[in-house]
Amino acid sequence: MKRLAIFLFLLQFVISSTASPAPTQSAPTTPKDFGKNLKVALEATREIGLVENAKDVKRLNDIGYRVAQRAAPEMTNVSFRIVKMEEPNAFALPGGFVFVTTGMMDLDLTDDELAALLGHEITHVRNDHFHRMAKRQTLMNLLYQALVVGIAVGIKDNNSGYDPTTNIYTSSKKSEVLQGVTGFGLVFQELLLRGFGRELELEADEGGTRAATGAGFSPHGATDLFEKMRKKIYEAPGYGYWRTHPYLEDRVAALRVLSATLEASKNPPDAEQFRKDTQDRFLEFLPQEKDEQGQIELRRMALNALPHGKKAQDLRAWFVHDAESKEMHKEKFFRDYGKLGEVYTSNINEIQTDDPQSHLLSKLKGDLEKMNKERDGMLSLYEQVLAKQSYDTQMLERFLSNFPNSSRVPEVEFQLAENYRLLNKTQQAVELHLKILAGESSWKEKARERLLQLIPRLEDLSATYKLAAQTQEAGISKPAMERMRELASTFKTLQNGYEFRRGYPGTDFDKPVIEQMNQLAENALHQGKLYQAVGEYQKALDQYSMILRYGSDLPVADQVRDTIVDIQELSSVKS
């Protein structure tokens with residue numbers, strides 16, 4: 001009750017203090033605004049997760065900064081990141097933080113389509129659309145207040161570090177950040193799902209298309225993007241991009257008229273100086289940012305803004321040193337040399353391309369060679385532990401990371417799969433067993449036997465479907481398909497259905513899975529209302545957040561949003 005009172009008080013506060021709609025003219029983002037919104041962006045990336053695929057990140061930033069220079073030359077604080085979200089989408093936060101989901105990148109967008117997409121999001125930021133849409137601004141303020149005041153409405157710690165093979169608990173950091181099941185996650189999910197109005201979407205389309213063509217991209221990028229999305233993702237108006245970016249038909253019609261009057265610039269300006277200014281801007285913020293993760297993110301944004309030159313090399317050296325210091329303070333047996341080696345290798349490759357004569361290049365190569373020798377010297381100790389049949393999960397994971405070419409890899413994969421099964425990480429267990437099956441080791445038959453034992457007890461839709469649809473052996477795929485038919489209408493959690501639909505869209509199991517998700521969501525809403533009626537507000541919020549997170553396109557989700565809107569309006573009236 002007390003937590004909800006705090007929540008409502010802050011909600012009332014931010015609504016009453018929401019600024020009047022800003023003028024349509026854009027203005028440079030102030031350092032104060034940037035620092036404030038960086039905190040929200042950081043929590044958003046913790047909530048969703050970042051992807052650091054070097055090739056995709058480079059392409060995203062190369063195109064993004066070309067467009068940003070044309071869209072908002074005064075805004076030298078724009079950043080572009082890829083987030084782990086299967087749903088094809090893109091969104092921006094005030095302060096210049098632009099995010100594209102892995103689901104969108106997986107649509108194989110052309111450069112023209114990606115430029116139009118990024119131009120659209122940059123225009124939302126440049127034209128201050130958050131302030132011009134009161135409820136979005138209210139949600140942004142609430143997110144920031146949640147971080148500053150600490151409305152961790154029932155932060156949970158599942159202590160997922162428990163290893164059933166050793167009966168050892170390891171510390172969990174979940175209690176240190178706001179989790180998606182409550183507080184920040186609930187409000188952030190609602191923020192993502194709340195689309196802009198028709199006027200603002202049309203404005204972002206026009207501004208984005210003009211910026212993209214000014215940067216040398218086709219004026220047809222946006223219409224081509226919409227057509228591709230129509231063919232490749234759900235067309236339901238409540239799904240993904242269509243919910244957060246509505247009014248599709250009006251937008252396509254307006255874009256067709258606009259694109260007929262435009263053509264791609266034949267001599268677009270170079271974005272090098274703009275990227276340098278942006279990199280300098282991020283580095284200038286470093287002394288002001290006190291949070292360690294905030295400092296790391298600023299450095300990453302600065303490196304993405306301009307990945308070559310002296311400052312870029314200094315940043316790469318910092319990232320390598322940071323990764324090394326975090327591993328090297330551990331005892332040698334507990335070091336993940338494989339993970340550290342990836343950091344070394346990726347930065348060495350980038351510096352090799354940028355400046356083959358760099359003194360830093362030779363130093364990193366020497367340090368990597370030294371580290372590899374130290375790693376190789378640890379193999380005998382790992383083999384001694386394996387000989388004792390001590391199968392600690394983290395040790396097995398480190399073995400695979402450190403010694404991927406060892407002849408004992410199939411054995412370790414099998415034992416790790418067993419541990420994952422005990423930890424209810426079914427999908428990871430299935431993937432390891434399938435990997436063993438694809439090889440020719442002596443562990444192949446054991447993996448086959450374990451899968452046959454596992455199939456009747458499978459509860460994970462994605463793991464079951466993977467076995468049913470992607471296994472060549474009929475002895476495994478047939479019983480897996482039978483289990484899938486049963487499980488599609490009997491699974492117990494919304495998250496299970498959500499992950500299956502996002503991982504395997506458009507299968508023959510869509511209909512029964514959606515029907516079961518509808519029933520589970522109805523049950524969750526009913527349970528939430530019961531909790532709310534008896535004053536168990538925290539438990540009610542958990543139920544509502546679960547529906548918004550995993551069933552955002554289900555009919556019942558609109559009832560949850562109506563409940564949130566009612567709370568907002570009630571607080572506004574009281575203020």
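A: The account below treats the sheet and then turns to aromatic pairs elsewhere.

This is a predicted model, in which local features need pLDDT of at least 70 and side-chain atom pairs count only at pLDDT 80 or more, while totals for chains, interfaces and linings use all residues. Residues are numbered from 1 along each chain as its sequence is written, and side-chain values use heavy atoms, with hydrogens and water left out.

The open sheet consists of four strands in the order β1-β2-β4-β3, with mixed pairing. Strands (E, at least two residues) and helices (H or I, at least four) are DSSP runs numbered from the N terminus, and two strands pair if DSSP finds at least two bridges between them. At the edges are β1 (50-51) and β3 (90-93), each of which pairs on one side only.

Strand β2 (residues 79-83) runs parallel to β4 (residues 97-101), and five bridges join the two. Along this pairing, Ser79 stands opposite Phe97, and Phe80 has Val98 as its bridge partner. Strands β1 and β2 instead pair in the antiparallel sense, over two bridges; here Leu50 has Val83 of β2 as its bridge partner.

Five of the five residues of β2 are buried, so this strand is largely enclosed by the rest of the structure. Buried denotes under 20% relative accessible area, against over 50% for exposed and partly exposed in between, with a 1.4 Å probe and protein chains only. Ser79, Arg81 and Val83 point one way from β2, whereas Phe80 and Ile82 point the other way.

Helix α3 (residues 54-71) packs on the sheet and touches β1, β2 and β4, contact meaning heavy atoms within 4.5 Å. The direction of α3 makes about 145° with that of β2; axes are lines fitted to C-alpha atoms, for helices over the stretch in contact, and angles run from 0 to 180 degrees between N-to-C directions.

Rings of Phe, Tyr and Trp (its six-membered ring) pair if their centres lie within 6.5 Å, and planes under 30 degrees apart count as stacked, over 60 as edge-to-face and the rest as tilted. The rings of Tyr465 and Phe500 have centres 5.5 Å apart and planes at 70°, so this pair is edge-to-face. Because Tyr465 lies in helix α23 (residues 461-470) and Phe500 in helix α25 (residues 494-503), the pair ties together parts that are 35 residues apart in sequence. Tyr465 and Phe500 are both buried.
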